[in-house]
Amino acid sequence: MKIRTEVNINSEKQSNKLENLGRLLVKCPDKPGIVSVLSTFLHNQHANIVESSQYSSDPENGTFFIRIEFHCENLLEKATQIEKDFEGIADQHSMDFQFTYANERQRSAIFVSKEPHCLVELLWEWQNGDLDTDIVVVISNHEEARDMVEALGIPFHYIPANKDIRKQVEAEQIRLMEEYNVDLLILARYMQILTPDFVSRFENRIINIHHSFLPAFIGAGPYERAYDRGVKLIGATSHYVTNDLDEGPIIEQDVERVDHRDHVIDLKKIGRQIERRVLVKAVKWHLENRIIVENNKTIVFH
């Protein structure tokens, strides 16, 4: 409980520090003057831009994407009016936009099966105050992680799962997501396929992690088969979950070189290390509103 108390204190301090920090994400047809329009609007709101990153798919007939982080005194009191004032600009320039506020911490659920390495990394980052979210529940189809999770004061729910009872399992999972008011679902090596109904309820709010051999070595024993094939790169991919299995918009990937000296156990160890860091990066970028999903790819403002 001591650890949990310290985390709560850190969360309160961080929330106070961020209470005047806002973020604006914009997607619109590209044309000259968009950056000027946005910066002028924020200047008129007495806001100071502290970070800005932009991307154009094609400067002549493409789509323009931008993320702006800004500081504004008494932002929470002004937020509703700022968003209302921005609607006219958005209509004029055909903008899809989103305002978010750094002090509004998202609520995350972690789904895990037997392998705990990604769960452990997420909990470690969260305990250190480096993962800007409230982990409100952990759900697993195995009991192995219960003691670790409950020691931190986080509710743990064991829900056995297989393809024969998938509908009942997901009904209970959806109930828990609603009960805990979850914003983000993190699949930390959760080895179950989610149904289209479940995925559609949480569009672009489910982040998964898996090895980067795909489409090679699909199914069981990928590292054993990769070893037999003599692969020279081991990697991991984190992506948003869609109804196309393991083919959702990619958020982050990483690799490490291996050689003939590395046996199967070495490949698995290296793979787990990459999975841990790739998943944490993807989750952090989502929480910091650094991602815009465009069709089946992502624009990530590092």
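The largest cavity is lined by A161, N162, R166, V169, E170, Q173, Y190, Q192, I193 and L194. A cavity is a set of points, on a 1 Å grid over the protein atoms alone, where a 1.4 Å probe fits but cannot get out; lining residues have an atom within 4 Å of a point. The space inside amounts to about 60 Å³. Volume here is the space filled by probe spheres set on the grid points, which are joined across faces, edges and corners. With 30 Å³ or more as the rule, the count is one cavity. Its lining has five nonpolar, three polar and two charged residues. Nonpolar covers Ala, Val, Leu, Ile, Met, Phe, Trp, Tyr, Cys and Pro; charged covers Asp, Glu, Lys and Arg; the others, Gly among them, are polar.

This is a predicted model, in which local features need pLDDT of at least 70 and side-chain atom pairs count only at pLDDT 80 or more, while totals for chains, interfaces and linings use all residues. Residues are numbered from 1 along each chain as its sequence is written, and side-chain values use heavy atoms, with hydrogens and water left out.

Now turn to the pockets. A pocket is an open set of points with protein on both sides within 12 Å along at least five of seven lines. The largest pocket holds about 1000 Å³. It is lined by 41 residues, and M191, N208, H210, L214 and D246 lie nearest its centre. Two or more lining residues come from each of α7 (196–201), β9 (206–211), α8, β10 (233–240), β11 (250–257) and α9. These elements are DSSP runs, numbered from the N terminus: helices are H or I with at least four residues, strands E with at least two. By class, the lining splits into 17 nonpolar, 16 polar and eight charged residues.

The second largest pocket has about 500 Å³. Its lining counts 21 residues, with L25, Q98, T100, H286 and N289 closest to the centre. β4 gives the most, five residues.

Helix α9 also packs against other helices. Helix α8 (residues 222–229) meets α9 (residues 264–287) at an angle of about 120 degrees, with the axes 9 Å apart. Axes are lines fitted to C-alpha atoms, for helices over the stretch in contact, and angles run from 0 to 180 degrees between N-to-C directions. That makes α8 oblique to α9. Under 35 degrees is roughly parallel, over 145 roughly antiparallel, 65 to 115 roughly perpendicular, and the rest oblique. Y223, E224 and Y227 of α8 touch V264, L267, K268, G271 and E275 of α9; contact means heavy atoms within 4.5 Å.

Helix α4 (residues 117–127) crosses α9 at roughly 45 degrees, and the axes come within 9 Å. So α4 is oblique to α9. From α4 come H117, C118, E121, L122 and E125; from α9 come R272, E275, R276, L279, V280, V283 and K284. This contact has five nonpolar, one polar and six charged residues.

Which way do α2 and α3 run relative to each other? Helix α2 (residues 34–44) and helix α3 (residues 75–92) pack at about 150 degrees, with axes 11 Å apart. They are therefore roughly antiparallel. V37, L38 and F41 of α2 meet I82, D85, F86 and I89 of α3. Here six residues are nonpolar, none polar and one charged.
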